[in-house]
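Keep the sequence and the 3D view open as you read.

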Amino acid sequence: MSGPQCCENAPTLNSASGRGHVEEVAGLKTYVTGPADVKRAVLLVSDIFGYEAPNLRKLADKIASAGFYVVVPDFFNGDPCDPSNFERALPVWIKEHGTDKGFEDAKSVIEAIKAKGVTTIGASGYCWGAKVVTDLAKYGHIDAAVLCHPAFVTVDDVKAVKAPIAILGAEIDNLAPPELVKQFEEVLKSKPEVESFVKIFPGVAHGWTVRYNAEDAAAVKSAEEAHADTLEWLANFIK
């Protein structure tokens with residue numbers, strides 16, 4: 001299910017980017033931003049390029065500015081995917097960094113921040129991270145979920161989701177094509193007990209929410225629209 005679109009527009013990683021800071025949470029280096037004394041938090045689960053991606057940290061800061069405590073863990077332990085030779089590297093990297101381990105690590109992060117007084121938590125996942133967030137939403141670990149250009153997520157996964165969920169898809173996406181996203185939407189419509197929101201963004205490709213070119217005004221506009229949808233969804237349920 002992984003392919004070249006996972007590696008397109010790879011970011012230049014920068015450990016110093018963002019307004020927040022890095023600290024250890026549940027044994028993982030984690031970018032932390034926003035007020036530490038609030039009761040509501042958001043977990044961002046990165047794509048294959050990890051927690052040092054500047055656009056992801058910029059989004060974390062944006063969410064934090066709305067009054068959330070935001071954590072972006074390094075689920076890859078300093079080993080994000082190297083896009084320079086994806087045909088060889090990506091399949092090997094995916095085997096070494098399974099979403100199942102990401103799910104277990106995410107549960108530990110959630111436990112750690114709840115121990116600090118957080119009472120409600122939402123999560124937003126990107127590509128690889130969307131599968132992790134879906135699993136969190138299936139087993140009651142979060143209060144709301146957002147999936148952006150998901151990878152590895154199946155119809156059966158969506159059938160099992162229990163938390164309110166928003167799915168933001170791209171018109172040009174080999175990993176989660178519009179046809180699949182529409183299947184997700186139909187499943188969610190059949191589950192009135194689970195609040196949901198599904199949107200397919202025209203003219204954009206997989207990864208557009210966090211791997212956009214900051215010099216491209218149209219790309220920035222589409223990314224910011226997705227960010228606004230994400231923030232609105234989280235604010236509705238993470239009180």
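## The pocket lining by class

By class, the lining of the largest pocket has 6 nonpolar, 5 polar and 2 charged residues. Here Ala, Val, Leu, Ile, Met, Phe, Trp, Tyr, Cys and Pro count as nonpolar, Asp, Glu, Lys and Arg as charged, and the others, Gly among them, as polar.

This is a predicted model, where local features need pLDDT of at least 70, side-chain atom pairs count only at pLDDT 80 or more, and totals for chains, interfaces and linings use all residues. Residues are numbered from 1 along each chain as its sequence is written, and side-chain values use heavy atoms, with hydrogens and water left out.

## More on the pocket

A pocket is an open set of points on a 1 Å grid over the protein atoms alone, where a 1.4 Å probe fits, with protein on both sides within 12 Å along at least five of seven lines; lining residues have an atom within 4 Å of a point. The largest one is lined by 13 residues, and Asn-9, Trp-208, Arg-211, Tyr-212 and Ala-219 lie nearest its centre. Two elements, β8 (196–205) and α7 (217–237), each give two or more residues to this lining. The largest share, 3 residues, comes from β8.

## Two residues

Is Ser-124 buried or exposed? Ser-124 is buried, as its relative accessible area is 0% (buried means under 20%, exposed over 50%, partly exposed in between, with a 1.4 Å probe and protein chains only). You'll find Ser-124 in strand β5 (residues 120–126).

Glu-111 sits in helix α3 (residues 99–114) and counts as exposed, at 57% relative accessibility. Helices (H or I, at least four residues) and strands (E, at least two) are DSSP runs, numbered from the N terminus.
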